Amino acid sequence: MAVARVDIVGVGTSFHGTILPAVFEVLSDANNEVQNTACFVLEGFCENMTPSDVLRYLDSLMANLGRLITSPNVNVREMAVSAIGSVVISSGPHFHKYVR
């Protein structure tokens, strides 16, 4: 299955209520390319969100991405870690609860 990567630069983050739940759904897809693309979308999208917007999805983001960092596929793990980095930066002080 071929998956097209989309250019998310310029996509308004006001669509997060529509986009993020859809991306969360495809993160569970068994296809590694689909998972990679979903992480790519999350990374780019979260970079442009405010900390208060990210906070609304933070638990779901970390649950989904945290699951993917244990993937047997190294590319999926790398993309998940990269997306988590974007979440860390964009969530600001709200991320502290995930650091032990």
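This is a predicted model: local features need pLDDT of at least 70, side-chain atom pairs count only at pLDDT 80 or more; totals for chains, interfaces and linings use all residues.

Mentor: Start with helix α2, residues 32-47. Its 16 residues should span 22 Å at 1.5 Å a residue, and its end C-alpha atoms are 23 Å apart, so the two agree.

Trainee: How many of the residues in α2 are buried?
Mentor: 12 of 16, so α2 is mostly covered.

Trainee: Which ones?
Mentor: Val34 through Cys39 are buried, in order Val34, Gln35, Asn36, Thr37, Ala38 and Cys39. Then come Val41, Leu42, Glu43, Gly44, Phe45 and Cys46.

Trainee: And what covers the buried residues of α2?
Mentor: The cover includes α1 (16-26) and α3 (51-55). It also includes α4 (58-68) and α5 (74-91).

Trainee: What caps the N-terminal end of α2?
Mentor: Asn31 does. One of its side-chain oxygens lies 2.7 Å from the backbone nitrogen of Glu33.

Trainee: Switching to the protein chain. How many helices and strands?
Mentor: It has 5 helices and 0 strands. Along the sequence the pattern reads α-α-α-α-α.

Trainee: What share of the residues in the protein chain is buried?
Mentor: 40% of the 100 residues.

Trainee: What about contacts between residues at least 6 apart in sequence?
Mentor: Of those, 70% join residues at least 24 apart.

Conventions: Residues are numbered from 1 along each chain as its sequence is written. Side-chain values use heavy atoms; hydrogens and water are left out. Helices (H or I, at least four residues) and strands (E, at least two) are DSSP runs, numbered from the N terminus. The expected span of a helix is 1.5 Å times one less than its number of residues. Buried means under 20% relative accessible area, exposed over 50%, partly exposed in between (1.4 Å probe, protein chains only). Contact means heavy atoms within 4.5 Å. A polar contact is a pair of N or O atoms within 3.5 Å; within protein, one must be able to donate a hydrogen and the other to accept it, and residues adjacent in sequence count only if both atoms are side-chain atoms.
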